[in-house]
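Colleague: Please take a close look at one part of this model for me. I would like to hear what surrounds the part you pick, and then how its wider setting is built.

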Amino acid sequence: MSLFPTIPFLKSWKLPSRNWLIFICGVSSISGYTAYDVYQCKQLENDFKFRAKVIANQPLQPSGRVRKVIVFVSPTELARWSFKRHVKPIFDAAALDYDLFDASRPGRIQKAVRERIWDGKDLVKEEHAKALELAEEEAKRRKFWFSLPKQPEEEDLILRANGPKYSDQVGLIAVGRDAWRELLNGINEGCMGQRIPPKIVEKVGVIPVNIGNENDKKCDPLLWVEPLCSESNIPDKSFLFPPIAYIPSKNLEGLKNIPVRLWDWINERKQKKIAGELAMQVVFEETRNINENDLNLGLEFELTSAARSARRLGKDEVPGETIMIHKNILERLRIYL
């Protein structure tokens, strides 16, 4: 007599075939590993949010402003997904205000950064001229003891309400290698170039310009004229650059990278941890001086097919991947740790 009771329906039960066992084991393993990855990603996100709330809970002075950054996203779906998935929850938890610049095509980020640097240079000139004007008015006012203090102008009131067009406290964040390259090239163009006066644009119309490469000629009426692009246009040390940051976003192309992309899909926690730590450094304003090695950030993950072919052939210049920035500008930039 058996020690265990006999179960009727188990008498006819048999193990599945070998093929079914292989299929069930494979699906179960992948499903379990994916579920574990989702759980770990949720734990990392909760940890980052808990740490970022320290900044959100700090009291704000009545005359103070919420910290703000500008996020430049590469024109790829993976870059948009990386920001929404890994960076945005941390910025929201830290109550960090941000403007999202989603580039619809290459070159838009470079143009926007260049215009912002030009706004900063114009603002410095205006502040210098205004300081001289105020000094002259103050000297004249001292001659008459009964003169009334100067009332604030309408432009000053608008400036106090909306803030200046340029501020070195507003960080510039690049999500993806393309955005990082255009960000640095835009800073270089803004420093070494000058904004064309409106009268010149009306007379000339379309002007041939130099964009990073001497042999690459393009036509754009909003870019600077070649003779105005020189080292003499670089602002002095009184001009402060905003801190910048790079957040990786893998953009692997080609059939050979399909297994890598599938592996990354079930190992999202690794990319989430890297992007989350960089976003936390932006939140806590931890910066350092930039160096030449930072120009190659993300280059190994986001090479285009043309760039990979060029590197395979041993070419020095990789098309579409070159960052051109003056040494005097590079040593004055700050990057989030």
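**A buried aspartate and its setting**

Modeller: The side chain of D294 makes a polar contact with the side chain of R288, at 3.0 Å. A polar contact here is a pair of N or O atoms within 3.5 Å; within protein, one must be able to donate a hydrogen and the other to accept it, and residues adjacent in sequence count only if both atoms are side-chain atoms. Do keep in mind that this is a predicted model, where local features need pLDDT of at least 70 and side-chain atom pairs count only at pLDDT 80 or more, while totals for chains, interfaces and linings use all residues. Residues are numbered from 1 along each chain as its sequence is written, and side-chain values use heavy atoms, with hydrogens and water left out.

D294 sits in the loop that runs from β7 (287–289) to α9 (305–312); helices (H or I, at least four residues) and strands (E, at least two) are DSSP runs, numbered from the N terminus. D294 counts as buried because its relative accessibility is 5%; buried means under 20% relative accessible area, exposed over 50% and partly exposed in between, with a 1.4 Å probe and protein chains only. Leaving aside residues up to four places away in sequence, D294 touches W180, R288 and I335, a contact being heavy atoms within 4.5 Å.

Now step back along the chain to α8 (residues 268–283). Its 16 residues should span 22 Å at 1.5 Å a residue, so the 22 Å between its end C-alpha atoms agrees; the expected span is 1.5 Å times one less than the number of residues. Buried residues of α8 include K272, A275, G276 and A279. Just after α8, E285 takes a positive phi of about 55°.

On a 1 Å grid over the protein atoms alone, a cavity is a set of points where a 1.4 Å probe fits but cannot get out, and lining residues have an atom within 4 Å of a point. The elements giving two or more residues to this lining are α1 (18–56), α2 (77–93) and α8, with the largest share, four residues, coming from α2. About 40 Å³ of space lies inside, a volume being the space filled by probe spheres set on the grid points.

For the whole chain, the secondary structure comes to 10 helices and eight strands, and buried residues make up 35% of the 337 residues.

How values were computed
On a 1 Å grid over the protein atoms alone, a cavity is a set of points where a 1.4 Å probe fits but cannot get out, and a pocket is an open set with protein on both sides within 12 Å along at least five of seven lines; lining residues have an atom within 4 Å of a point.
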